[in-house]
Amino acid sequence: MESFVAPGTVESLGPIREFVRSKAAEAGLDKKRAYRLQLAVDEIASNIAIHGYEEHDLAGDIEVQAELTADHLVITLVDEAVPYDPYSEVAPQAQDLD
């Protein structure tokens, strides 16, 4: 397993994307799949940076782990930011959706 560690800030999104791009190339993913993987990781990393660290005035790292086997590429993000609990959110009411 290979990993890349970056500060948990939006400025780190470019280097994180580049790490994922290089692992996708190593895995032989076509352009479309590599782009979708980068997009998914980018969304998760930006949520960690903005909502997990920045909004809580915290600093920390995002570790991006890449495990490449003959059949799979697994990307895992590890952080110590404030966790997101979707059950703590109030569902929007019908009038809020107009």
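Predicted model: local features only at pLDDT ≥ 70, side-chain atom pairs only at ≥ 80, totals over all residues.
## The strands and their pairing

Strand β1, made of residues 2-7, pairs with strand β2, residues 61-68, in the antiparallel sense, and six bridges join them. Within this pairing, E2 is found opposite A66 of β2.

On the other pairing of β2, seven bridges link this strand to strand β3, residues 73-79, and the two again run antiparallel.

## The nonpolar core

The largest nonpolar core holds 15 residues, and those that touch the most other members are I16, I62, V64 and L77. Helix α1 (13-27), helix α2, strand β2 and strand β3 each contribute at least two residues to this core. In soluble globular proteins, nonpolar side chains tend to be buried together.

When its neighbours within four places in sequence are left aside, L77 is in contact with V41, I44, A45, I48, I62, E63 and V64. Among these contacts, I62 and V64 are also named with L77 as the core residues that touch the most other members.

## Helix α2

Helix α2 covers residues 31-53. At the N-terminal end, α2 is capped by D30, whose side-chain oxygen lies 3.1 Å from the backbone nitrogen of K32.

The buried residues of this helix are A34, Q38, V41, D42, A45, S46, I48, A49, G52 and Y53, and they pack against α1, β2 and β3.

The side chain of D42 is joined to that of R17 by a polar contact of 2.5 Å. If residues up to four places away in sequence are not counted, D42 touches L13 and R17.

## The aromatic pair

How many aromatic pairs does the model contain? The count comes to one aromatic pair. It is formed by F4 and F19, whose rings are stacked, with 5.5 Å from centre to centre and 20° between the planes. Because F4 lies in strand β1 and F19 in helix α1, this pair ties together parts that are 15 residues apart in sequence.

The two partners can also be described by their accessibility. F4, at 25% relative accessibility, counts as partly exposed, whereas F19 is buried, with a relative accessible area of 9%.

## Residues with exposure

I50 has its place in helix α2 and is partly exposed, with a relative accessible area of 29%. Although I50 and V10 are 40 residues apart along the chain, their C-alpha atoms are separated by 7.2 Å. Apart from neighbours within four places in sequence, I50 is in contact with V10 and E55.

R36 is another residue of helix α2, and at 53% relative accessibility R36 counts as exposed. Its C-alpha atom and that of A25, which is eleven residues away along the chain, are separated by 13 Å.

D57 belongs to the loop between α2 and β2 and is exposed, with a relative accessible area of 73%. The backbone of D57 also deserves a look, as this residue has a positive phi of about 50° although it is not a glycine.

Methods. Residues numbered from 1 in each chain as written. Heavy atoms only, no water. Helix = DSSP H or I, 4+ residues; strand = E, 2+ residues; numbered from the N terminus. Polar contact = N/O pair within 3.5 Å; in protein donor to acceptor, adjacent residues only side chain to side chain. Contact = heavy atoms within 4.5 Å. Pairing = 2+ DSSP bridges. Core = buried A, V, L, I, M, F, W, Y, C linked by side-chain atoms within 4.5 Å. Buried < 20%, exposed > 50% of the residue type's maximum accessible area, 1.4 Å probe, protein only. Phe/Tyr/Trp six-rings, centres within 6.5 Å; stacked < 30°, edge-to-face > 60°.
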